[in-house]
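Morning, everyone. Please bring up the sequence and the model, and follow along as I go.

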Amino acid sequence: MQTTKFPGIFESQVGRKRILLTKNLVKGRKVYDEYLHTEGNTEYREWNAAKSKLCAAILKNINQIGIKPGDLVLYLGASSGTTPSHVSDIVGSDGFIFGLDFAPRVVRDLVFLAKDRKNIAPILADANKPETYATRISTVDVVYMDIAQKNQTEIFLKNCSLFLKNDGYALLAIKARSIDVTKRPSLIFEEVRKLLEREMKLIDYKALDPFQLDHMMFVCKKK
Amino acid sequence: MAQNYLFTNLLGSFVFDGQFNLIDSINFNTLDDYSNSAKHEQKLAATHKPKLTTQQLLEKPNSKILQQILPYFKDKTNFSHFYSQNMAMTAYLIKQAVNEDDFIIQAINNVEEIDKVANTLAKRLREWYELYNPEFSRSIESHEMFVELILSKTKQELLKEIKHDENLLGADLKKQDIEPMLNLARSIRELYSLKQKHTDYLENLMDTYCKNIKEIAGALIGAKLLEHAKSLRHLAVLPASTIQILGAEKALFRHIKTNSRPPKYGVLISHPFISRAKQKDRGKIARALANKLALAAKVDYYKGEFIGDKLRAEIEKKFS
């Protein structure tokens, strides 16, 4: 088990495959069907790149993710909590996550996850309407967004301007197919990049294939 | 000069001055405090006379003021409070979110799944039973009837019924080898009666929740439309052209991507108007049907009066 350049994230070699792991915050508990690895007294959870865009981005050598232990994260599109559980491992018990999703069905799973992990606050709200949940959260260190919506860049910028602290990092996972199925993904990514650069400082972006097709992860910083 | 701002969130009611320093607050301990926040707000407003209150701040989320207030709450000491309040509120919202849409979607999915399971098991039963009495199994098409009959009558009676006096291919089985087959048949019969019960339940639900859709499309197809649209609210805002091809998403996206021929209908295909029609009329009827369904969905969602029979009659008149 070796450390990576990102605090809280570890890597290991399985055969010829490089895998990422995070320290399990709740010992002995699995969140989805991931493998648990024990080394010494610590337990690590294997991070599945096919299920998590953040993991895929790190494996593709993105140069910054901005999430570190002790951070306060706003996670838009938390779904049932696969990636949030790893983010919760990274920020640790000193950090905190506001996990937001729109569909009651998946937030139900998120609530059960949050019962185990006291550093996730599940929120049922529409990311497109920040004013409806502004009374439920505070300013945050990092905004992470992974929602498959047509206007996801707009939603992202709206949330960043209201909730992200100055100089805070913001990550955006874009699914080209949910913006326009007919357009070439590279054109869509170009458009998104232009939109982002208007309001944010773009740090890095990486395509997520082969883990996720037609996806791109953007890392920005608030100006 | 009152330059104060009053902001209420899950944690409490807070008054900030013009430089965004906290000057007064009331903390909330439970979600009930937050639900009754108007009372607390009034109390604070009376003493501090704020320039803007929560309501006005939220109306303009992009004004710089809210962005100056929110950092105040970014503090490790608030985390556990945020956790418990958000847990309580989300639990409440999830409970509130359950409605007839969910019942209908679960019921229709269940009816379809029972159908699938019963079919699979019935095919197995026939395979098994044909060792014993193949002539009868082949003479009857409907699984449901087949199961019913082999349970109620003996092999001899059944053979007499199909006027097949001599048994040509079936083996004579011992009672202990017949009994397992009949046990399976009993379970399948149970499944069919369960399906009937759930279909009745679905019909009742649709009758109270979306009468007009049910009148035009029938309970099963109406429910399938709801399932694809996820909710009546969404179905009511969908254009008729989308309703027409709900359930044919794969063909639609293939059409958009590769310019293949567009689908004419999705779940509507099993509607009697369409399945009865000639091939060349089907697209037209699907379009007309979807038009009327779009109207019906809107009427149902906004709790209008019953116009389903009129809409149905219009289509019938047009295509008879």
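Let me begin with handedness. A crossing of two helices is left-handed if the near helix is turned anticlockwise from the far one by less than a right angle, and right-handed if clockwise. Helices here are DSSP runs of H or I with at least four residues, strands are runs of E with at least two, and both are numbered from the N terminus.

Some housekeeping. This is a predicted model, where local features need pLDDT of at least 70, side-chain atom pairs count only at pLDDT 80 or more, and totals for chains, interfaces and linings use all residues. Residues are numbered from 1 along each chain as its sequence is written, while chains are lettered from A and ligands numbered from 1 in the order in which they are written.

α8(B), residues 143–152, passes α10(B), residues 175–209, in a left-handed crossing. Their axes come within 9 Å and cross at roughly 135 degrees. Axes are lines fitted to C-alpha atoms, for helices over the stretch in contact, and angles run from 0 to 180 degrees between N-to-C directions. Under 35 degrees counts as roughly parallel, over 145 as roughly antiparallel, 65 to 115 as roughly perpendicular, and the rest as oblique. So α8(B) and α10(B) are oblique to each other.

Who touches whom? Contact means C-beta atoms, placed from the backbone, within 7 Å. From α8(B) come B:E144, B:V147, B:E148, B:I150 and B:L151; they meet residues of α10(B) including B:L182, B:R186 and B:Y192. By class, that contact has 7 nonpolar, no polar and 4 charged residues. Nonpolar covers Ala, Val, Leu, Ile, Met, Phe, Trp, Tyr, Cys and Pro; charged covers Asp, Glu, Lys and Arg; the others, Gly among them, are polar.

α17(B), residues 282–301, packs against α18(B), residues 308–319, at about 165 degrees, with axes 10 Å apart. That makes the two helices roughly antiparallel. This crossing is right-handed. Among the residues making the contact are B:I285 and B:L289 of α17(B), and B:L311 and B:I315 of α18(B).

Over to chain A. There are 7 helices and 12 strands. The radius of gyration, taken over C-alpha atoms, is 17 Å, close to the 17 Å from the globule rule for 223 residues, so chain A is as compact as a globular protein of that length. That rule is 2.2 Å times the number of residues to the power 0.38. The C-alpha trace spans about 50 × 40 × 35 Å along its principal axes.

How much of chain A is buried? Buried means 20 or more other C-beta atoms within 10 Å of a residue's own; exposed means 12 or fewer; in between is partly exposed. The answer is 49% of the 223 residues.

Look at α2(A), residues 82–91. Here 9 of its 10 residues are buried, among them A:S85 and A:H86. Just after the helix, A:G92 takes a positive phi of about 70 degrees.

Then A:A56, in α1(A). With 25 C-beta neighbours inside 10 Å, A:A56 is buried too. Beyond its neighbours within four places in sequence, A:A56 is in contact with A:A49, A:L208, A:F211 and A:Q212.

Last, the interface. 28 residues of chain B are in contact with 27 of chain A. On the chain B side, α5(B) gives the largest share, 11 residues. By class, that side has 18 nonpolar, 7 polar and 3 charged residues.

Technical notes:
Two residues are in contact if their C-beta atoms, placed from the backbone, lie within 7 Å.
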